[in-house]
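Thanks for coming. I have one model to go through this morning, and I will keep to a few places in it. Please have a look at it before I start.

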Amino acid sequence: MRRTVNMLALVTGLLASGTFAGGLTLAQAISEGVGQGPEAQVLKNSVDSANEKVRAVKSVAYPHLNGYVNAGLGQSPNASAALMKALAPMLGMPAPSEDPYYSYSLGVQVTQPIYTFGKVTTALHMASTQEKLTVSQTSASRLGIQSQVVEAWFNAYLAHARLDLLAKSIDRQSETVKNLQRTFEMGSGLKAQLLMARSKLIASRQDLISARSMAIVTRKALNRLLARPSEDTTVLDTAGIVAFEAAGVPDRESLLRTAYQGRQDLQSMTQARSLMEDYAYINKAAYYPTIAMQGKFGFTTASQNASAAKNTLDWENRDWLIGIGMQWNIFDGWDNAGQAGQTRAAVRTMDVRLSDMKRNIEISGENALSEKIVADSGLASALEGVAAAREAFDLYQKNFNGGSGQLTDILSAEEALRGAELGVLSARLARVKSHIQISLVQGKDLIPLVEAP
């Protein structure tokens, strides 16, 4: 029992070594990634575009109001004018003028669909489905952003943790080299041991350069996802990381049931399929009549005198019409019929993809549960390993300082201790990630977020 408590204290201490007040926690990183990151900005623009698309679809149900203003000069055959021209000599009247006519008109006209054989109703249903689709796609995309941030945060944290552990290892090796140097200068040490220790220290310093480069790269990748300055070096804070394990682990049936109900990518595909079905009907219904109310009011004049334009707005020149009209597409070379056939084929394809997505969710769920079991076992093994490595290093160092130990033993023990310490950090974070992955499989946000638009 005492050993278990000591091991738990050890891993807590290793995690706490990367904890600083005011640092960047995982929850804060997720919030920034979803709220201000580049992926979030792209998502916002996509939502705005989808909302405008909904407005365009709804327009079919609203009245269409158009204004017109026309002015022209022309002439066309006129049976009555020709008759008057022939009768004028017999009647002793002057022949009608053959000058062209100046025509002017302006006004407004409105069309309001009354009955469309389901085209308007279907379009409004499509608009409603598009709104739901936008919400689902937004939620699914935000979940993807959260997953990316988690991966980047853990990579950056582990890279910096490895850098810190390597720096501590170099300090221990440097102390060993100093002790060997003093012993050698006093005439009781072996030069070969001193050279070996120095060689090991030089190699570790080279590893430190590589680790520092990796820490910089992983941090830049995290900063990009959070829209932070590339050179931001705010420390990564593990405070609150255990909160991601608070939800517990569901059984397989509960996990899949929640996933089928909560996964927004699954909902998105279902809604997209509904849109396709409606679109297929719209294409088919293009061959059905559309009955609409039509209205028009304006002013029209036609005169051989160009100055008549100033009298266009006289009340006597009013031009109006109100009534009901019907029009339909009789034959279009099977254009709409072909599009309807293509859409129905797309619906069948989406049925296959829906089935495949459900199978992928099932596989992902089982994999997440398996990773949780592996992570628990890995953490327990890592805790045992780091305790044993620490004890071995202390014993070898004590024996070596007492003159009865081998330098190769203490160097190997030091390297094993460094690997074991990093292994504990990796195993601890892997268990947290396994809980996070279970939440993602179920379609749950990792932190409270503002509702999707």
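I will begin with Lys119, which, apart from its neighbours within four places in sequence, is in contact with Tyr281, Ile282, Ala285, Ala286, Tyr288, Pro289 and Thr290. Before going further: this is a predicted model, so please take everything I say in that sense.

Lys119 sits in helix H5, which covers residues 119-185. Is this lysine buried or exposed? Its relative accessibility is 16%, and buried means under 20%, so Lys119 counts as buried.

Next, Phe117. This residue is in the loop between strand S3, residues 101-115, and H5. Phe117 has a relative accessible area of 32%, which lies between the 20% and 50% limits, so it is classed as partly exposed.

Phe117 also belongs to a nonpolar surface patch of about 670 Å².

Now to another helix. Ala389 is in H9, which runs over residues 335-401. With a relative accessible area of 10%, against a cut-off of 20%, Ala389 is buried.

Which residues does Ala389 touch, leaving aside its neighbours within four places in sequence? They are Ala416, Leu417 and Ala420. For Ala420, the separation along the chain is 31 residues, and the two C-alpha atoms are 6.8 Å apart.

Finally, the chain as a whole. The protein chain has 453 residues, and 34% of them count as buried. It contains ten helices and six strands. Of the contacts with a separation of 6 or more, 86% are between residues 24 or more positions apart. The accessible surface comes to about 25,800 Å², and carbon and sulfur atoms account for 58% of that.

To go back over the residues: Lys119 is buried, Phe117 is partly exposed, and Ala389 is buried. That is what I have for today.

Definitions and conventions. Residues are numbered from 1 along each chain as its sequence is written. This is a predicted model: local features need pLDDT of at least 70, side-chain atom pairs count only at pLDDT 80 or more; totals for chains, interfaces and linings use all residues. Side-chain values use heavy atoms; hydrogens and water are left out. Helices (H or I, at least four residues) and strands (E, at least two) are DSSP runs, numbered from the N terminus. Buried means under 20% relative accessible area, exposed over 50%, partly exposed in between (1.4 Å probe, protein chains only). Contact means heavy atoms within 4.5 Å. Accessible areas come from the Shrake-Rupley method with a 1.4 Å probe; for residues, only the protein chains shown count as cover. Patches are made of residues with over 30% relative accessible area and no salt bridge: like charges are joined within 9 Å, nonpolar side chains (Val, Leu, Ile, Met, Phe, Trp, Tyr) within 5 Å. A salt bridge is a side-chain nitrogen of Lys or Arg within 4 Å of a carboxyl oxygen of Asp or Glu.
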